[in-house]
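Trainee: I would like to learn how to read the packing of helices and strands in a model such as this one. Could we go through it slowly, with the general idea before each case?

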Amino acid sequence: MSYEPPTHRVERSLRATTGARIVAGVDEVGRGAWAGPVTVCAAVTGLRRPPEGLTDSKLLTPARRAALAEVLSGWVTAHALGHASAQEIDALGMTAALRLAAVRALEGLPVRPDAVILDGKHDYLGAPWQVRTVIKGDLSCVSVAAASVIAKVTRDAMLAELAGDHPAFGFDSNAGYPSPVHRAALEEQGPTEHHRRSWAYLDQLPRWRHLKLPPHREAPERESLEDAGQLGFF
């Protein structure tokens, strides 16, 4: 598949218009999963030429993502990861959980960034961070693309490790997202401690419906963040 490589256009724009010296790209993974955390990576890349093949992590094969993540870990100026657990997602709602994970990532950087490029159209981060949202930023911005690859590889590895304790759910192949194997295991065994128990998929599991937690209500335009991917296999 051919694609345009990401550029530093947005990073340069932020430097020119806001005076920001340190710009972090931020991307998340795990938003639409049934199980596991939501994971956010914050990456600072400067304006150096990126590694060959850098792009949105979703366009890369697992093997290429893993190889690129290894290169990126030594190429980026700095990066840090933040996670919000399934329990935190249930308690806070997805928007607040995303912010929690993003703040954990940003505060994990060795130097506080002056500006943040956030993938997507919704600013779930907010003040006091100076945020520029960019739709498909993981495809067009170097720092966000780097963050997307590191976040995806990290979270996939976390879910693969959980597969050792819960082999029936196929976490090593579906990373906690909806899949036929995941659905079958839920119907047979019910949710694990790693599942988001306020989500709608439990409504379709009569044996386990009593385990569902009340959903945290968010503003209507934010609910779509949580709903995406929940019902795909029911």
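Mentor: Let us begin with a definition: contact means heavy atoms within 4.5 Å, and angles run from 0 to 180 degrees between N-to-C directions. In this predicted model, H4 lies across E1, E2, E3 and strand E4 (115–119), and runs at about 150 degrees to E3. H6 also packs on the sheet, where it touches E1, E2, E3 and E4, and its direction makes about 35 degrees with that of E1.

Trainee: In what order do the strands of the open sheet lie?

Mentor: Strands of a sheet pair through backbone hydrogen bonds, either parallel or antiparallel. Here the 5 strands follow the order E3-E2-E1-E4-E5 with mixed pairing, and the edge strands, E3 (78–84) and E5 (131–134), each pair on one side only. Strand E1 (residues 23–29) pairs with strand E2 (residues 38–44) in the antiparallel sense over 6 bridges, and Glu 28 stands opposite Val 40 in E2.

Trainee: At what angle do the axes of H2 and H6 cross?

Mentor: Two packed helices are described by the angle between their axes and the distance between the axes. The axes of H2 (residues 62–75) and H6 (residues 142–162) come within 9 Å and cross at roughly 120 degrees; the two helices are therefore oblique to each other, and their crossing is left-handed. Residues making the contact include Leu 68 and Trp 75 of H2, together with Val 149 and Asp 156 of H6, and the contact residues divide into 10 nonpolar, no polar and 3 charged.

Note on methods
Residues numbered from 1 in each chain as written. Predicted model: local features only at pLDDT ≥ 70, side-chain atom pairs only at ≥ 80, totals over all residues. Heavy atoms only, no water. Helix = DSSP H or I, 4+ residues; strand = E, 2+ residues; numbered from the N terminus. Parallel < 35°, antiparallel > 145°, perpendicular 65-115°, else oblique. Left-handed = near helix turned anticlockwise from the far one by under 90°. Nonpolar A, V, L, I, M, F, W, Y, C, P; charged D, E, K, R; others polar. Pairing = 2+ DSSP bridges.
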